[in-house]
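Subject: Handing over a structure

Hello,

Here is the structure I promised to pass on. Please open it beside this email and follow along.

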Amino acid sequence: MMRDLVHKDEKGGFHFGSDLSSAARARMKLCEKDQLKELNLKEVRMPRVPMRITEYTWVTDLNLSKNNIKELGDKVINSLGHIQNLDISFNEIKELPDSLNSLGALHTLDVSANALHNFSSNLKFNRLRTLSVAKNLLKDFPSSFTSSLTSLDISSNSMNSVPSSIFNHSLLKYLDLSSNKLTNFPPQIERLTGLETLLMGNNQLTSGTVASLGVLVNLKVLNLSENKLDNLPPVFYQLVKLEKLYLQVNLLPNLSDEIGNLVNLEELYIARNQIAVIPETIGKLKKLRFIIANDNKVKILPHEFGHLYETLRKINFDNNQIQSLPGEFGWINPGIEFSFANNPLKSPFIQWYQEGPLQLLNNLSPYLEAWPSTSYAEGENLSSGTIRTGNSFLIKAFDMRGKPRVNGGDPFRVLAKMGEMEESLIVKDNKDGTYTVFYNLTEPGTWQVHVLFKGQETKGSPFTLQLR
């Protein structure tokens, strides 16, 4: 109890009286009194690690962050073999002593935001799972100090390339390399196939240099924001386990139709690019909750975007070039957060938007679009007819939720095929949600009639038509 009544100053001189703050002494007293597993000495203006804590053998979690500690004394460290989680972040430590090897129970070590230039090659941690060395001055990383690491944060250092030693840590599930000066990503990344989170934002990566990431098929979170990507390599769309994708602040001109392959995606961040087109396949992302796409060049939102009404919770398309909204957008919950500020919305969309969410959403139904699996064709002349005679049948359009369309404008197309012959039939828009199809074929036989909507067969299509 008397050990901290004598302390050493920065010049090595010894002085009587404790240099620990009243907050530090109070927390230590409470920990001692209640035998607490966690000793929290965060932000208590400590200049050193107090010797007294070596007596607290029941403590497993030690937080020394945000103090003024400049070095870790060997005598103290050698007596902390019971510590499992150690946080010494946001101090002024320039070097990690080899005495840290005595922390044989250590699972988590946070030394971020210090002044480390290198890592001693003598350090060995047999049980370490989580390590953060972010916000230091590291240019490399040791390969052999542990074989058990599953989480590594080396963001905000001074690295120009990914240290090859990282690829020896094959158990990694979380890797943060953001805010360095990285220009490429080596092919050895294939060794880290267990990665679930990879953060590489705020670097200098180009599209060609990140193609190797396609082998990381277990990724759930990928952050490539604030780089120099001008397209996404096709291999990206093989990452079908992705749940969160951060691509904001790049140079992307568009999203590929293959974005629809990422069926587990929940959050998509594509703000501040040059994206002009949101593909129709966005409608396949049935788990999508957030889409942040402000400050792009988007002109049209596809009708399929509204098909995500059950899951969408946050939508931002501010500062784009959108002039109208699809009718399906009216299906979304009016209580969710959505914004289309600073778009050149035409009348009546701009008036509805200005009047509030309910007014906007309630007025969009006339702008709905048909859906192939709910729309169908009917009529006697759909199954049989006479050659060289005018015949017709009817298409009835329904939206995705099975409700009849009440106006026109849907791009139905009808083809009649027999052998090598193919005829495009006339489709008349009746402006009430129905379409009359006319045909006057000249060859008898068995024809196949394909009623298509955006290239997809409608309900019951194709039909067999016997002509005599």
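Below is what was found, starting with the whole chain and then moving to single residues.

This is a predicted model, where local features need pLDDT of at least 70, side-chain atom pairs count only at pLDDT 80 or more, and totals for chains, interfaces and linings use all residues. Residues are numbered from 1 along each chain as its sequence is written, and side-chain values use heavy atoms, with hydrogens and water left out.

The whole chain

The protein chain has 4 helices and 26 strands. Both are DSSP runs, numbered from the N terminus: helices are H or I with at least four residues, strands are E with at least two.

Next, the overall dimensions. The C-alpha trace spans about 110 × 50 × 35 Å along its principal axes. The radius of gyration of the chain is 32 Å, whereas a compact globule of 468 residues would have one near 23 Å. That radius is taken over C-alpha atoms, and the globule rule is 2.2 Å times the number of residues to the power 0.38.

How much of the chain is buried? Buried residues are 49% of the 468. Buried means under 20% relative accessible area, exposed means over 50%, and partly exposed is in between (1.4 Å probe, protein chains only).

The accessible surface of the chain is about 21,700 Å². Carbon and sulfur atoms hold 48% of that surface. Such areas come from the Shrake-Rupley method with a 1.4 Å probe; for residues, only the protein chains shown count as cover.

Now contacts, meaning heavy atoms within 4.5 Å. Take the contacts in the chain with a separation of 6 or more: 38% of them join residues 24 or more positions apart.

The chain carries 50 positive and 49 negative charges, and their mean positions are 4 Å apart. Lys and Arg count as positive, Asp and Glu as negative; His and the chain ends are not counted. Each charge is placed at NZ of Lys, CZ of Arg, CG of Asp or CD of Glu.

Thr434

Find strand S23, residues 434-439; Thr434 lies in it. Is Thr434 buried or exposed? Thr434 counts as buried because its relative accessibility is 16%.

Its side chain makes a polar contact of 2.6 Å with the side chain of Asp432. Another polar contact, of 3.0 Å, links the side chains of Thr434 and Asn430. A polar contact is a pair of N or O atoms within 3.5 Å; within protein, one must be able to donate a hydrogen and the other to accept it, and residues adjacent in sequence count only if both atoms are side-chain atoms. Leaving out residues up to four places away in sequence, Thr434 touches Leu394, Ile395, Lys396, Lys428 and Asp429.

Residues in loops

Lys173 sits in the loop between strand S8 (151-153) and strand S9 (174-176). Lys173 counts as partly exposed because its relative accessibility is 41%. Which residues does Lys173 contact, leaving aside neighbours within four places in sequence? They are Thr150, Gly194, Leu195, Glu196 and Thr197. Lys173 and Glu196 are 23 residues apart along the chain, with 5.0 Å between their C-alpha atoms.

Glu95 is in the loop between strand S5 (85-87) and strand S6 (108-110). With a relative accessible area of 59%, Glu95 is exposed. Its C-alpha atom is 7.5 Å from that of Asn118, 23 residues away along the chain.

Gln35 belongs to the loop between helix H1 (22-34) and strand S3 (38-40). Gln35 is partly exposed, at 43% relative accessible area. A polar atom of its side chain lies 3.2 Å from the backbone oxygen of Glu32. The C-alpha atoms of Gln35 and Leu245 are 44 Å apart, and 210 residues separate the two along the chain.

Backbone details

Look at two peptide bonds. The one from Ser347 to Pro348 is cis, with omega near 10°. Pro348 is in the loop between strand S16 (337-339) and helix H3 (349-355). The bond from Ser461 to Pro462 is also cis, with omega near 5°. Pro462 is in the loop between strand S25 (456-457) and strand S26 (463-467).

Then check two phi angles. Ser179 is not a glycine, yet has a positive phi of about 55°. Ser179 is in the loop between S9 and strand S10 (197-199). Arg272, not a glycine either, has a positive phi of about 55°. Arg272 lies in the loop between strand S13 (267-269) and strand S14 (290-292).

Best wishes
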